[in-house]
Protein chains: 2
Amino acid sequence: MHDALTDSKALLIRRWGELGGYWGISRTMAEIHALLFVTGEPLCTDDVMAQLHVSRGNASMNLRGLTDWGLVQRVHKLGDRKEYFQADTDVWHMFETITRERRRREVEPIIATIDRCREMVAQLDSREDRAADETRGFCRRLDELRGFLTTMGALFELALRFGPTGVAQLAPLIQAASGQPGPRGPTPAAAPRAAAARTGSKRAKTRARRPRR
Amino acid sequence: MHDALTDSKALLIRRWGELGGYWGISRTMAEIHALLFVTGEPLCTDDVMAQLHVSRGNASMNLRGLTDWGLVQRVHKLGDRKEYFQADTDVWHMFETITRERRRREVEPIIATIDRCREMVAQLDSREDRAADETRGFCRRLDELRGFLTTMGALFELALRFGPTGVAQLAPLIQAASGQPGPRGPTPAAAPRAAAARTGSKRAKTRARRPRR
DNA sequence: GGTATCTTTCCGACAATTCTGAAACAACGC
DNA sequence: GCGTTGTTTCAGAATTGTCGGAAAGATACC
């Protein structure tokens, strides 16, 4: 090899890129982000084009997408007309940006939908017709889902407030918690099913394929 | 309308489906999951085909995908040869399943990649060549990223241990925290940039388009 | 073993996303 | 104003992903 550093960066960029696919982010966008992240220094469009072998249009579009996410910022160098792009290298701050953006784009719309669904069946709720049970069950699940989403939102908010060091300090709690049966909240539905289903999901990945061929 | 309950379910299913796209999950898979979730009762392949207007092959593939995720379980009814599928309706447990699965599929591989990247530049690290600064910066970011991932993993682990009610009890803390300047951990890099960048990202979504046309 | 019933896989067709290259656009200096 | 430099957009091409229907496979019951 001629340059271990370059190879190492390339490896991370590639992996980060394919990971982007899992997250509904285009591979190129993720790769550009990774490139800017590992580089640390501001890069211009031509740098991105050269290092990632993408077209100018593609680079431009995705760089704009990244700035729209707030993950990348435009910077200018004195005496240079080119626009440079620099990634946020503070990982925790990156997380904050992504969290807020995803909440705005995804969580809030789904909560609005849940509320609307709830309204649609509100009048049925009190009536005593054949579908009363079904309706009640549906509403219960709707409410649980909504509660979960807001609770998770609150947890993230809290995590952001505590910051990286704050959350890191919580780690020892895990050790303590895993020693005892667990201070798990008394949720009637959750506790009994947890153990059984967990082993089930574990088996799923290694279970024998359907007896075929 | 002839059935508000049906319409309400359909709405949630549709929204849930399009949300799936953001998460690298196919729309149909998300819709099937939503259908099973809102129904609560076990459904067979034909039910899914009829209610979602998808082919048998498509339904079969995605139902299997969901069971592989551990979000849906096969159930059998006595005296019926058909296989039925039932979604986990405990939202918190669903979250646990998804968290563990995503960690296994995504977080662990990226951590392995980071470690490998770290090894690749390990020998360069000590040398005193021209790229020493660059290498040091790269390694620092690598370490930060790795630390963040493990910390978040720990946080999720903790959240799962506390369970829904446990986390919900944390909510009041947020109110308390938002009153004061914030007990945010003393992270040299994070604090100063947070305010500026946040307004930046907010402006991004409403900012004036490029002066065009 | 044979048949009926249900499930899974395969592959061509279709749809959506992503990428490229070129043209249009803006900014700057002369 | 006009050329130079750099950026953004757009339409079509290419890639990728998803779906439907049919054929093959598995299982239970007779």
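1. Over which ring does the charged end of B:K77 sit? The ring is that of B:Y84, with its centre 4.4 Å away. (A charge sits over a ring if NZ of Lys or CZ of Arg is within 6 Å of the ring centre and within 35 degrees of the ring normal.) A:K9 lies over the face of B:F138, 5.8 Å from the ring centre.

2. This is a predicted model: local features need pLDDT of at least 70, side-chain atom pairs count only at pLDDT 80 or more, and totals for chains, interfaces and linings use all residues. Residues are numbered from 1 along each chain, chains are lettered from A, and side-chain values use heavy atoms, without hydrogens and water.

3. In chain B, strands β2 (residues 72-76) and β3 run antiparallel, joined by 5 bridges. (Strands are DSSP E runs of at least two residues, helices H or I runs of at least four; two strands pair if DSSP finds at least two bridges between them.) The two form a hairpin with 6 residues between them. B:G79 in the turn has a positive phi of about 75 degrees.

4. B:F85 in β3(B) is the bridge partner of B:R74. B:L43 also stands opposite B:F85.

5. A:F95 and B:F148 form a tilted aromatic pair, 5.3 Å centre to centre with 55 degrees between the planes. (Rings of Phe, Tyr and Trp, its six-membered ring, pair if their centres lie within 6.5 Å; planes under 30 degrees apart count as stacked, over 60 as edge-to-face and the rest as tilted.) A:F95 lies in helix α5 of chain A and B:F148 in helix α7 of chain B, so the pair joins two chains.
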